[in-house]
Amino acid sequence: MVAFVLAIFMAGTRADAAQKPNYIISTDAAYAPFDFQDKNNQYVGIDMDILKEVAKRNNFTYTLKPMSFNAAAQMVANGQADGIIAGMMINDARKQVYDVSDPYYQSGVAWITKPNSKIKSLSDLKGKTVALKTGTAAANYGASLKDKYGFKVKYFNDTDTMYNDVVNGNTAATFEDYPVIQYAIKNGMKLEVRNPKDLGNGGGVGFFVKKGENALLLQQFNTTLAEMKKDGTYDKIIDKYLNSSQKTFVGEASDNNSMWGILKSNKSAFWKGLVETTKLTVTGIILASLWGLLLGLMGTAQSKFWRGLSTTIIYAFRGLPLMVLAFFIYIGLPGVIGMKIPAFTAGLLTLILNEGAYTGAFVRGGFDSVNVGQMEAARSLGLSHRQAMWKVIVPQGLKMTVPSFVNQFIITLKDTSILSAIGILELTQTGTLIVARNSQGFRVWGIIAIIYLVVITLLTWFSNWVEKKIN
């Protein structure tokens, strides 16, 4: 009897779990205090806490997709994600593409320079260059002033690079949402807000879904937001991220004031990033080499069709920038085929197609470099063209291409860093997330550079050893 009741209970639980909706929510991976990773490498922030509370009160689950802001927004516009919460400002242009919630935060836009800058007013920016982050409301506001005040603009894809461009004096100033720059300055970024009492019109921050879709999710967000403001939950979240001590999220000063401290306190994150980079590199190298070998063989085939197809594929995928190809596969292609592609799969396909095209080019060159007399001799001995290729030409051609393979292996490893743009948490993305939290760009990127250098050195040694064995 007890077993029967337990079985009914478990069946009911499974049924409830099966009926509980799961939404895919994209977000900016590095936009503190709205979205960032804390010292425990957990995604936190104003957005994350509000989203968690909405999901809890409305009995749904969600899968978070952290990535660059532009990619996160495009995922929703193309139907890859159900919603985006990323400190995203509400404006008329976005309302043409998305349905938007009630504002959950009112933000102003600050303009910022180095503390010792001679620029004291917007008029002083005449003839200077201003740094802006692509796609943000702060960037739109800054760009709207450039003609009035006579400055030029320079765009960046991530916040930390934009800040450091100003710190290093490459650009004169930047525009940013006030709470975001407040967090960065509080965390040690050497910048100064020039208009703390007269902020630009940033507008309200909202939760966005694709226009005409997910009306229930949007309604649940609005209803829960009103409840949270009424019962005090909302104020607690805002206070937590705007008024708490920075060590709550960043850790003690000793964890961030040296490269060793950062490495020690973030060792698990660096290790996971290295593992993801290694998985992408090794899998990408193997599959791209196989694809490149096939392209090389097609390029030396007797048939003009196969030779032409090989040339076309190599030309097309060598000509496409890696990031463009990654965005096309991850964000653009699913809208055509009607099927979502996981980020790791999209990244792997990007590497296979791009690196495989380069591999195919030098493999074909290796086969072509084999003396034509070798093929003639093989055919005269009664071997078919296919047999002559596999038994005579391919072994000699591949031996000649070993140095090129070694070089391509190293290029593949470095190219994995570009895939951080689509949210793959490899080494570069890991560094971006840590910098967004602690603003220690020099130290963090120094660690990342050393890790890459060590891995590339080991890979070079291994490749040279293989080359000697083959020779």
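Which residues are linked with Glu53 in a network of salt bridges? The network joins Glu53, Arg57, Glu227 and Asp231. A salt bridge here is a side-chain nitrogen of Lys or Arg within 4 Å of a carboxyl oxygen of Asp or Glu. This is a predicted model: local features need pLDDT of at least 70, side-chain atom pairs count only at pLDDT 80 or more, and totals for chains, interfaces and linings use all residues. Residues are numbered from 1 along each chain as its sequence is written, and side-chain values use heavy atoms, with hydrogens and water left out.

The closest N and O atoms of Arg57 and Glu53 are 2.9 Å apart. Both residues sit in helix H2 (residues 46-58), four residues apart, and so about one helical turn separates them. Helices (H or I, at least four residues) and strands (E, at least two) are DSSP runs, numbered from the N terminus. An α-helix has 3.6 residues a turn, so residues three or four places apart point the same way. Glu53 is buried at 19% relative accessible area; Arg57 is partly exposed at 32%. Buried means under 20%, exposed over 50%, and partly exposed in between (1.4 Å probe, protein chains only).

The structure holds ten salt bridges. One of them pairs Lys133 with Asp28 at 2.9 Å, N to O. Lys133 lies in strand E8 (residues 129-133) and Asp28 in strand E1 (residues 22-28), so this pair ties together parts 105 residues apart in sequence. Both Lys133 and Asp28 are buried.

Helix H13 (residues 267-299) holds Glu276 and Lys279, three residues apart. Their closest N and O atoms are 3.5 Å apart, in a salt bridge. Glu276 is buried at 18%, whereas Lys279 is partly exposed at 41%.
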